[in-house]
Amino acid sequence: MDVLRRAVGDKKLTYLGFSYGTALGQYYANMFPDRVRALVVDGVLNPNAWIGQGKARNLLQETRLRSADGAYHALHEILVRCAKAGEDRCSLASGDPVASYELVAQRLRKKTLVVDDPDLGRFTVSYADFAGATLGALYSPYGWQDVVSLTEQLLVLTDPAAATAARAQARTAVAQRAATARQQRGYDFPYDNGLETFLTVDCTDAYHPKDAAAWPSLSGKEDKRAPYFGRAWAWGTAPCARNTWTVRDEDAYTGPFNKRTSAPVLVVGNYWDPATNYQGAVGSAALLPNSRLLSSDSWGHTAYGTSACVTGAVDAYLLTVALPAKGTLCTGDAQPFVEAPEAARAEASKSSLARQGEPGRGEPKRLPPVVAPLPVVGTLTVR
């Protein structure tokens with residue numbers, strides 16, 4: 001990152017990092033605190049929790065980060081708001097939404113559901129599929145729609161006494177979901193190495209428990225603290241056990257993470273983030289003495305693009321180095337069971353935001369101010 005900064009002629013770094021990109025941003029801020037022009041981290045990993053300091057290095061990374069807590073809080077809040085919204089806005093509110101979700105989970109734990117659709121084929125739906133689909137839905141600002149509809153459909157399909165017409169309708173809907181998910185697992189190239197790259201980064205960046213055999217009991221404890229999602233988040237790092245992943249990077253930066261930077265770090269936290277718990281943003285802002293916390297009552301993973309409030313504050317800081325006021329709390333345009341205007345729906349996509357910012361043919365690029373380049377101190381060769 002520092003080589004790239006010099007290569008484009010920037011005296012100091014301008015950076016916007018999402019999710020794991022927030023760890024990279026905090027690494028840079030603390031390794032080169034004098035080279036920060038405007039640095040924003042959104043969907044924040046507390047770096048001490050990510051890496052594992054002292055005795056905490058023997059804990060599961062999930063025990064330190066509490067990603068599953070964020071996911072569970074988001075799910076529970078959606079189900080509670082469903083009940084308050086009533087049947088007109090949330091059909092699952094005909095009963096107790098919280099109890100209905102748990103009932104589906106219990107049924108699928110006991111027996112995997114087999115869905116036979118005459119047009120789409122045969123699919124199985126396990127408890128893990130249900131929890132995984134829910135977690136995936138929570139990544140979207142509009143994820144509550146999928147949470148409610150999937151729970152409703154599986155509530156019918158796991159009930160032998162359900163009406164025939166209702167079962168047929170639910171069967172088609174679930175089969176369509178499963179068929180779409182199966183298609184999305186395909187790639188345009190022969191092999192996807194996403195798992196290997198994730199593990200290479202995480203197992204090398206962070207410390208993890210010593211013994212791989214400890215994961216079953218440790219992950220079970222996570223599920224008790226954060227139902228449905230604790231075990232899932234915990235198992236993601238099982239290959240990183242120190243008696244199986246034995247390679248370490250002696251140059252990996254492991255702190256400190258409390259340096260005073262030459263310009264403030266804008267730390268953006270989303271209340272209902274299912275992957276990077278809001279407390280990660282709070283903790284990181286507390287670590288950095290020259291930082292500003294921007295909070296957002298919004299949904300999905302990361303907050304940029306979920307409202308004009310967050311997007312405008314981040315853009316303003318990156319372009320003009322003007323911070324939002326202390327204590328600023330934004331509200332996401334998309335709120336469960338409240339109809340959002342079409343303009344807000346369109347803005348919620350980060351890819352659409354990127355396209356909006358793309359210069360037209362012949363139009364100059366819109367970048368932060370570039371200062372005179374530093375003297376060349378080395379040669380970068382790309383092969």
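A disulfide is a pair of cysteine sulfur atoms within 2.5 Å. The exercises below use a predicted model, in which local features need pLDDT of at least 70, side-chain atom pairs count only at pLDDT 80 or more, and totals for chains, interfaces and linings use all residues. Residues are numbered from 1 along each chain as its sequence is written, and side-chain values use heavy atoms, with hydrogens and water left out.

**Exercise 1.** Locate the two ends of the disulfide between Cys203 and Cys240.

Solution. 
- Step 1: The sulfur atoms of Cys203 and Cys240 are 1.9 Å apart, and the torsion of -75° makes the link left-handed.
- Step 2: Helices (H or I, at least four residues) and strands (E, at least two) are DSSP runs, numbered from the N terminus. Cys203 lies in helix H10 (residues 194–205) and Cys240 in the loop between helix H12 (230–235) and strand E5 (265–272), so the bond ties together parts 37 residues apart in sequence.
- Step 3: Cys203 is buried at 1%, and Cys240 is buried at 3%.

**Exercise 2.** Find whether Cys309 and Cys330 are each buried, partly exposed or exposed.

Solution. 
- Step 1: A disulfide joins Cys309 to Cys330 (S to S 1.9 Å).
- Step 2: Cys309 sits in helix H14 (residues 308–320) and Cys330 in strand E7 (residues 329–331), 21 residues apart.
- Step 3: Cys309 is partly exposed at 34%, whereas Cys330 is buried at 1%.
- Step 4: The whole structure holds 3 disulfides, and with the bonded cysteines numbered in sequence order the pairing is 1-2, 3-4, 5-6.

**Exercise 3.** Name the element that gives the largest share of the lining of the largest pocket.

Solution. 
- Step 1: A pocket is an open set of points on a 1 Å grid over the protein atoms alone, where a 1.4 Å probe fits, with protein on both sides within 12 Å along at least five of seven lines; lining residues have an atom within 4 Å of a point.
- Step 2: Of the 20 lining residues, the closest to the pocket centre are Asp129, Ala133, Arg177, Ala178 and Ala181.
- Step 3: Two or more lining residues come from each of strand E4 (121–125), helix H7 (127–138), helix H8 (143–157) and helix H9 (164–184). The largest share, 7 residues, is from H9.

Key:
Buried < 20%, exposed > 50% of the residue type's maximum accessible area, 1.4 Å probe, protein only.
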